[in-house]
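Visitor: I would like to learn how to read a structure like this one. Please take me through it feature by feature.

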Amino acid sequence: MKAGELYLLGKHLMELASHGMRDEADPEVPEIYLVLISVVVEAPDLSISELTARTGFAQSHVSAAVAKLRERGALRTRPDPADRRRTLVTPVEGLIEAVAQRQQRDAEQVLAAALTELDPDEDSVAERAARLAKAADELYRLLTARALKVGGDSALMPLHSLAEEVTGKPKK
């Protein structure tokens, strides 16, 4: 695979993920909102810099989106008790339940739905989707660990464990 193909793959994966995180009845909102909500629901109490590292969006975009989502009542922010210069971001209670199902859909399901369009053989689609989801999960965790500047064996930890290692406190 060449770098250009890797870039195009990223675009295709973003489109699949965007469709996987939405239901047809959902209002149109900027994708950064969907991604931030998804990450914050999975790992509450992340700082703006941790959200920036995890999502790959520019810090200014993350800060602006968090501010808009806070104004809309979807997120809460508070100063980090360990470092008052940092802002921690948490979803409001109702948001967790409202979006957890659609935001946290299994990547294997999203991939299988896309692959079914190409190959009607359900067994081969399920097997291929499982294999691709496993590879994508490993790549995501490794690249996230790189973005968070966490090395060694921690690169293969679940994401909530990465946040624990970076912040020095267990996930609540």
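Visitor: With which residue does Arg 86 form a salt bridge, and how far apart are the closest N and O atoms?

Guide: Before the case, note that this is a predicted model. The general idea is that side chains of opposite charge can pair when their charged atoms come close. Here Arg 86 pairs with Asp 80, and the closest N and O atoms are 3.1 Å apart.

Visitor: Is Asp 80 buried or exposed?

Guide: Buried means under 20% relative accessible area. Asp 80 has a relative accessible area of 4%, so it is buried.

Visitor: Which residue forms a salt bridge with Arg 141?

Guide: Asp 137 does, with the closest N and O atoms 3.0 Å apart. Both residues belong to helix 7 (residues 122-147); they are four residues apart, which means a separation of about one helical turn. Arg 141 is buried, at a relative accessible area of 15%, while Asp 137 is partly exposed at 37%.

Visitor: How many helices and strands does the protein have?

Guide: There are eight helices and three strands. Read from the N terminus on, the elements run α-α-β-α-α-β-β-α-α-α-α. The protein has 172 residues, of which 32% count as buried.

Visitor: Now helix packing. At what angle do the axes of helix 2 and helix 3 cross?

Guide: To read a packing, take the distance between the axes, then the angle, then the hand. The axes of helix 2 (residues 31-42) and helix 3 (residues 48-55) come within 11 Å and cross at roughly 115 degrees. Angles of 65 to 115 degrees count as roughly perpendicular, and helix 2 and helix 3 are therefore described that way. Their crossing is right-handed.

Visitor: How does helix 6 pack with helix 7?

Guide: The axes of helix 6 (residues 107-116) and helix 7 are 9 Å apart, and the angle is about 135 degrees. Helix 6 and helix 7 are therefore oblique to each other. The crossing of this pair is right-handed.

Visitor: Next, the backbone. What is the phi of Asp 45?

Guide: Asp 45 has a positive phi of about 65 degrees, although it is not a glycine. Then find its place in the chain: Asp 45 sits in the loop between helix 2 and strand 1 (46-47). With 14% relative accessibility, Asp 45 counts as buried.

Visitor: Last, the surface. Which residues make the nonpolar surface patch of about 410 Å²?

Guide: Met 1, Leu 6, Leu 9 and Leu 13 make that patch. Met 1 lies in the segment before helix 1 (3-20). Because its relative accessibility is 72%, Met 1 counts as exposed.

Key. Residues are numbered from 1 along each chain as its sequence is written. This is a predicted model: local features need pLDDT of at least 70, side-chain atom pairs count only at pLDDT 80 or more; totals for chains, interfaces and linings use all residues. Side-chain values use heavy atoms; hydrogens and water are left out. Patches are made of residues with over 30% relative accessible area and no salt bridge: like charges are joined within 9 Å, nonpolar side chains (Val, Leu, Ile, Met, Phe, Trp, Tyr) within 5 Å. Accessible areas come from the Shrake-Rupley method with a 1.4 Å probe; for residues, only the protein chains shown count as cover. A salt bridge is a side-chain nitrogen of Lys or Arg within 4 Å of a carboxyl oxygen of Asp or Glu. Helices (H or I, at least four residues) and strands (E, at least two) are DSSP runs, numbered from the N terminus. Buried means under 20% relative accessible area, exposed over 50%, partly exposed in between (1.4 Å probe, protein chains only). Axes are lines fitted to C-alpha atoms, for helices over the stretch in contact, and angles run from 0 to 180 degrees between N-to-C directions. Angles under 35 degrees count as roughly parallel, over 145 as roughly antiparallel, 65 to 115 as roughly perpendicular and the rest as oblique. A crossing is left-handed if the near helix is turned anticlockwise from the far one by less than a right angle, and right-handed if clockwise.
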